[in-house]
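Please look over the sequence and the three-dimensional structure shown here. The paragraphs that follow lead through them step by step.

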Amino acid sequence: MNKTQPTVTSPRALTRENRLNSYLIYLEDIVVEFDGFRALDIDLFGLHFNELRVVIGPNGAGKTTLCDVISGKTPATRGRKFWKGIKLADQSDSEMARLGIGRKFQTPTVFDSLTVYENMELALPGTHHVWQTLRGQTNVTEDERILEILERVSLTGSRDVPSRFLSHGQRQSLELCMLILAGPDLLLVDEPAAGLTDEETDLMADLLLELRGQHAIIVIEHDMEFVRRLDSGVTVLHEGKIMTEGSMEEVQQNPEVVEAYLGR
Ligand SMILES: Nc1ncnc2c1ncn2[C@@H]1O[C@H](COP(=O)(O)OP(=O)(O)OP(=O)(O)O)[C@@H](O)[C@H]1O
Ligand SMILES: [Mg+2]
């Protein structure tokens with residue numbers, strides 16, 4: 001092999017103390033049930049600081065629920081959740097956001113009537129109302145930071161364009177930029193390539209690759225070509241459980257995964 005394959009060290013390979021010390025987010029025996037239906041049943045899951053991990057699996061496998069439980073949107077029915085080694089009670093999603101989790105949903109939550117720049121201003125930490133941005137309270141440092149982030153996704157030229165005129169791909173990028181602005185330790189990104197053109201998909205992959213190393217990122221994705229481009233560790237979910245974890249290559253060669261997901 002002429003290239004190091006990104007793989008996933010199983011939490012089992014680490015002592016519990018090491019897991020608590022070395023994972024940004026670590027889940028133990030997490031179960032989520034909806035009216036008795038078990039949507040998620042994770043014995044161990046750990047993500048290192050600044051690690052990029054892709055979560056794949058068939059529809060209904062529990063991928064979004066995994067992100068919901070990490071972000072605090074959905075409370076776990078049982079189990080333990082550790083953030084930087086500290087056990088979390090069931091935090092609300094706004095509390096988790098304050099702790100440093102940024103969440104990107106399947107549908108963009110960008111304000112149509114505001115420009116690209118104004119949307120970014122609104123996403124600045126500490127900004128809670130549109131009037132704050134409209135009153136021009138953004139300082140020079142914040143302005144530089146906004147422009148630097150927009151530059152990375154080639155949106156600088158569109159800074160004064162109302163976001164309703166953006167393409168789907170540009171909106172997805174803008175939403176990610178808005179999240180990055182808060183400097184989260186963990187980004188949860190649900191199907192970022194859905195509905196993007198090939199060119200936009202490439203840009204999105206580049207952006208995520210660039211962000212790796214600055215934030216831990218969990219990407220849920222169905223597009224296998226996109227997953228391959230991200231060249232990172234993969235967790236396969238199936239019927240709420242972790243079926244296997246490893247490099248894309250390892251996962252693709254796993255007969256169970258082929259049977260349950262890839263071979264369909
Ligand atoms: N709020 C809810 N109430 C009841 N059942 C739910 C709820 N949310 C999810 N489920 C169920 O839990 C299971 C896992 O759903 P989830 O959305 O996590 O799957 P997914 O892997 O993200 O699927 P997809 O690829 O379709 O997005 C599914 O069977 C789903 O119907
Ligand atoms: Mg989903």
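Because 8 of its 9 residues are buried, helix α2 is largely enclosed by the rest of the structure. Buried here means under 20% relative accessible area, exposed means over 50%, and partly exposed lies in between, with a 1.4 Å probe and protein chains only. Helices (H or I, at least four residues) and strands (E, at least two) are DSSP runs, numbered from the N terminus. The structure is a predicted model, in which local features need pLDDT of at least 70 and side-chain atom pairs count only at pLDDT 80 or more, while totals for chains, interfaces and linings use all residues. Residues are numbered from 1 along each chain as its sequence is written, chains are lettered from A and ligands numbered from 1 in the order in which they are written, and side-chain values use heavy atoms, with hydrogens and water left out.

The buried residues of α2 are Lys-63, Thr-65, Leu-66, Cys-67, Asp-68, Val-69, Ile-70 and Ser-71. Val-69, which lies in this helix, counts as buried at a relative accessibility of 1%. After α2 comes Gly-72, whose phi is positive, near 90°.

Which atoms of Asn-59, Gly-60 and Thr-64 approach an oxygen atom of ligand 1? For Asn-59, an N or O atom of the side chain is 2.9 Å from an oxygen atom of the ligand. For Gly-60, a polar backbone atom is 2.8 Å from a ligand oxygen. For Thr-64, an N or O atom in the side chain is 2.8 Å from an oxygen atom of ligand 1. On its own, ligand 1 has 640 Å² of accessible area, of which the protein covers 61%; accessible areas come from the Shrake-Rupley method with a 1.4 Å probe, and for residues only the protein chains shown count as cover.

The cysteines may be considered next. A disulfide is a covalent bond between the sulfur atoms of two cysteines. It is counted here as a pair of cysteine sulfur atoms within 2.5 Å, and by this rule the count comes to 0 disulfides.

Charged side chains form the last topic. A search of the whole structure finds 18 salt bridges, each being a side-chain nitrogen of Lys or Arg within 4 Å of a carboxyl oxygen of Asp or Glu. One of them joins Arg-16 to Glu-28, with the closest N and O atoms 2.5 Å apart. This pair links distant parts of the chain, 12 residues apart, with Arg-16 in helix α1 (residues 16–22) and Glu-28 in strand β1 (residues 23–34). Arg-16 is partly exposed at 39% relative accessible area, whereas Glu-28 is buried at 5%.

Another salt bridge pairs Glu-33 with Arg-38, at 2.9 Å between the closest N and O atoms. Glu-33 is partly exposed, with a relative accessible area of 29%, and Arg-38 is partly exposed at 36%. Arg-229 and Asp-206 also meet in a salt bridge, at 2.7 Å from N to O. Arg-229 lies in helix α9 (residues 224–230) and Asp-206 in helix α8 (residues 198–211), so this pair ties together parts that are 23 residues apart in sequence. Arg-229 is partly exposed at 31% relative accessibility, and Asp-206 is partly exposed at 38%. Finally, salt bridges that share partners join Arg-16, Glu-28, Asp-29 and Arg-80 into one network.

Technical notes: Polar contact = N/O pair within 3.5 Å; in protein donor to acceptor, adjacent residues only side chain to side chain.
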